[in-house]
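Trainee: I'd like to learn how to read a sheet and its surroundings. Can we go through one together?
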Amino acid sequence: MSVNVIGAGIGAQYFGGDPEHYEWRVSYERDGNGRYFHTVSSRRARNSAEAISVAKRDLGQQD
């Protein structure tokens, strides 16, 4: 499976009323088809670049 990450943006926010707890929504294509989303917690990634790196690892791709 080939994964092409398109970008990352903030998804769900303020879990438990905490503004520091949110999710990154990383969009990607799989084998050149369709658009999919992978969720990364703000506890695992502080910015979009980190969210993309985490998503790539989670999806089995090298950084």
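Trainee: Which residue stands opposite Ser27 in E2?
Mentor: Gly7 stands opposite Ser27 in E2. Keep in mind that this is a predicted model, where local features need pLDDT of at least 70, side-chain atom pairs count only at pLDDT 80 or more, and totals for chains, interfaces and linings use all residues. Residues are numbered from 1 along each chain as its sequence is written, and side-chain values use heavy atoms, with hydrogens and water left out.

Trainee: Over how many bridges do E1 and E2 pair?
Mentor: Two strands pair if DSSP finds at least two bridges between them; strands are DSSP runs of E with at least two residues, helices runs of H or I with at least four, both numbered from the N terminus. Here, E1 and E2 pair over seven bridges, in the antiparallel sense.

Trainee: In what order do the strands form the sheet?
Mentor: It's an open sheet of three strands, ordered E1-E2-E3, with antiparallel pairing. Strand E1 (3–10) and strand E3 (33–41) are the edge strands, each pairing on one side only.

Trainee: Now Arg30: where does it lie, and what does it touch?
Mentor: Arg30 lies in strand E2 (residues 23–30). Contact means heavy atoms within 4.5 Å. Leaving out residues up to four places away in sequence, Arg30 touches Met1, Ser2 and Tyr36.

Trainee: Is Arg30 buried, partly exposed or exposed?
Mentor: Buried means under 20% relative accessible area, exposed over 50%, and partly exposed in between (1.4 Å probe, protein chains only). Arg30 counts as partly exposed because its relative accessible area is 30%.
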